Amino acid sequence: MSGPLVYSTNVFLKLLIQEKYRNDVHYVWCSEHFDSRTLSAYSSGSLIPPSANPADIYRELRRDVQGLDSHSAKIAAQRAVFISLAIEWEQRGEISSNDKDDIIWMANNGSFALWRPLVYVIPRAPVEVRLQLVPVNQRAGWGNEYIIPDLKRAKFDVIEL
Amino acid sequence: MLTSLKNRSREDIERVFASLTQRLLPQPQDELPEVEAEGLKELQDSVLAEIRANLNLDPADQTQTAKTKIFEFLIKEMSEPVVSGDRGEQARARLKQRGDLLSVFIEEKVTVSDTVRAEVITYPQALLTFARKLIDDDQFSIAVVISHMACEIAAERSLSESFVKKGIQYLEDPVINFLNGYNLGNDKIRELYTALTGDEIQKQPFWQKFKESGTRRNHIIHRGRVVGKAEAEDSFKAASDFVAHLKKESVAPR
């Protein structure tokens, strides 16, 4: 049974980039549960693996940021995300060349604090029609995962644990 | 240059790397336009195979370590035009000028690198800002260490400036080679600093706290000591006073 909230873990830099360069519209992957490990082993939510579980993503990022781990797998993947997005957005004419360079520069040179994880807490009802269920072949596991491609900032809260 | 991307424009190459990155992510962050999807996958496959070969990765290796190496390769390739040239400096200047939340994080770097010399004015302050954040995040021991890193960099800057002001910059490297770092808590280094600057820093009100903090820092690094918030705050205060004093001295006439 779905609850009243959905959750998404993202790094701080992503929040800033979406705010500054995407008109404060946010592209998020989310889950009906913050921590699938706390669920009954017989519930579908427990089938969400660590790579898609907001709590696990949060813990891993926080550990790497606090440890100033310059070889962090999670941070490397996030860095690659922003650089690739900047290139794609610029090639589609959605941001300027300078904006692209700025994002790439920040992704390479910004402080560790930019990689700290944030939990987006999203009330489900106002975004229900925007929730796109990810096809099972694109998910990390059997548990439900969702994408909201155009989440407005006013529709969610940000917390740090 | 990867063979499979030979004779392609820089724009094309960036597009292939960017779309390949998205494809490799467990949670892609964007949808590719349909027009790009045509024929792209085959090219991505060739590029990926070549990257794996360059990195000496087994084609079947799907471990996190292998993926991270591939991401690091892609990051380097996609960032190269911005990171290596004038465009990077221009981006940095633009970001600094913004004055918004994003600009706050530009000066905060946590690794001491060759770029330190180019950022001597703001780097100690950025490190102190970072130390403050670490205290707020309950990371007390590392905050003490970072605070002292700020002090050493401030001292390095001050000594370097002093050699220039005295017209003996040619002596800087040979003299500094005799020293073990830039910790002014070390009497030999402090005496050199005083001789060059005329600043008897050991008479400053913060000096005793600074010395105590230096001992604390050494115990953390060499003995694995764990400190609490009060001690971290003491170190942060002493380091902030120290950096502020050196900054003040550096602009004073000598």
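Two strands are taken to pair if DSSP finds at least two bridges between them. In the predicted model, this criterion applies to strand β3 of chain A and strand β6 (residues 157–159) of chain A, which are joined by three bridges and run antiparallel. Within this pairing, A:V119 lies opposite A:I159 of β6(A).

Strand β3(A) is also joined to strand β1 (residues 5–11) of chain A, here by seven bridges and again in antiparallel orientation. In that pairing, A:V11 faces A:P117 of β3(A). Strand β3(A) spans residues 117–123 and is mostly covered, with five of its seven residues buried. In a regular strand, side chains alternate between the two faces of the sheet.

Chain A as a whole comprises four helices and six strands, arranged along the sequence in the pattern β-α-β-α-α-α-β-β-β-β. Of the 161 residues in chain A, 49% are buried. Among the contacts in chain A between residues at least 6 apart in sequence, 68% link residues at least 24 apart.

The contact between chains A and B involves 35 residues from chain A and 38 residues from chain B. On the side of chain A that touches chain B, two or more residues are contributed by each of α1 (12–21), β2 (25–30), α3 (73–91) and α4 (97–109) of chain A. Helix α3(A) supplies the largest share of this side, with 12 residues. Classified by residue type, the side of chain A that touches chain B contains 20 nonpolar, nine polar and six charged residues.

Methods
Residues numbered from 1 in each chain as written. Chains lettered and ligands numbered in written order. Predicted model: local features only at pLDDT ≥ 70, side-chain atom pairs only at ≥ 80, totals over all residues. Buried ≥ 20, exposed ≤ 12 C-beta atoms within 10 Å, placed from the backbone. Contact = placed C-beta atoms within 7 Å. Nonpolar A, V, L, I, M, F, W, Y, C, P; charged D, E, K, R; others polar.
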